[in-house]
Amino acid sequence: MIEIDLNIQHYFCGGVYAKRMTLPANHYSTTHKHNFDHMSILASGAVVVQTDGKSTSYVAGDCIEIKAGIEHTIVALEDAIWFCIHATDITDPEKIDETLIERG
């Protein structure tokens, strides 16, 4: 698997933040943890989410709960578009990860 630029796009509306990532087949997102529970939506494609040694497959249209503090990686089985959805009033893309991503 190869880690690449995920062509991230940011969307903000009424206290909700959506981060859109494009994952080409056989590529993955950086392993990370969040400070808060959130949901993710797989808009297209198929992925495997690896959490705490467990792998779960998802297909386009699935809505996935990601618990706070759980290290996870998203691996694209085919070209995929993934949205992370968070409740937050932060609207600066340069600062959003400082609040949402757990730092070692």
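Colleague: Does Tyr58 count as buried or exposed in this structure?
Modeller: This is a predicted model, in which local features need pLDDT of at least 70, side-chain atom pairs count only at pLDDT 80 or more, and totals for chains, interfaces and linings use all residues. Residues are numbered from 1 along each chain as its sequence is written, and side-chain values use heavy atoms, with hydrogens and water left out. Residues under 20% relative accessible area are buried, those over 50% are exposed and those in between are partly exposed (1.4 Å probe, protein chains only). Because its relative accessibility is 18%, Tyr58 counts as buried.

Colleague: In which strand is Tyr58 found?
Modeller: Helices (H or I, at least four residues) and strands (E, at least two) are taken as DSSP runs and numbered from the N terminus. The protein chain holds one helix and 10 strands, and its pattern along the sequence is β-β-β-β-β-β-β-β-β-β-α. Within that pattern, the strand in which Tyr58 is found is β7.

Colleague: What is the volume of the second largest pocket?
Modeller: A pocket is an open set of points on a 1 Å grid over the protein atoms alone, where a 1.4 Å probe fits and protein lies on both sides within 12 Å along at least five of seven lines; lining residues have an atom within 4 Å of a point. Tyr58 is one of the residues that line the second largest pocket, as are Val49 and His72, and the elements giving two or more residues to this lining are β6 (46–51), β7 (54–59) and β8. With grid points joined across faces, edges and corners, and volume taken as the space filled by probe spheres set on the points, the value is about 160 Å³.

Colleague: In what order do the five strands of the open sheet stand?
Modeller: Two strands pair if DSSP finds at least two bridges between them, and the pairing in this sheet is antiparallel. The edge strands, which pair on one side only, are β2 (9–13) and β8 (63–66). The order is β2-β3-β10-β5-β8.

Colleague: How many bridges join β3 to β10?
Modeller: Strand β3 (residues 16–23) runs antiparallel to strand β10 (residues 80–87), and β3 is mostly covered, with six of its eight residues buried. Along this pairing, Arg20 stands opposite Phe83, while Met21 has Trp82 as its bridge partner.

Colleague: Which residue in the turn between β2 and β3 has a positive phi?
Modeller: Five bridges join β2 to β3, which run antiparallel, and Cys13 has Val16 in β3 as its bridge partner. The two strands form a hairpin with two residues between them, and the turn residue with a positive phi, of about 55°, is Gly14.

Colleague: How many disulfides does the structure hold?
Modeller: Cys13 counts as exposed because its relative accessibility is 61%, whereas Cys84 counts as buried because its value is 6%. A disulfide is a pair of cysteine sulfur atoms within 2.5 Å. The number held by the structure is zero.
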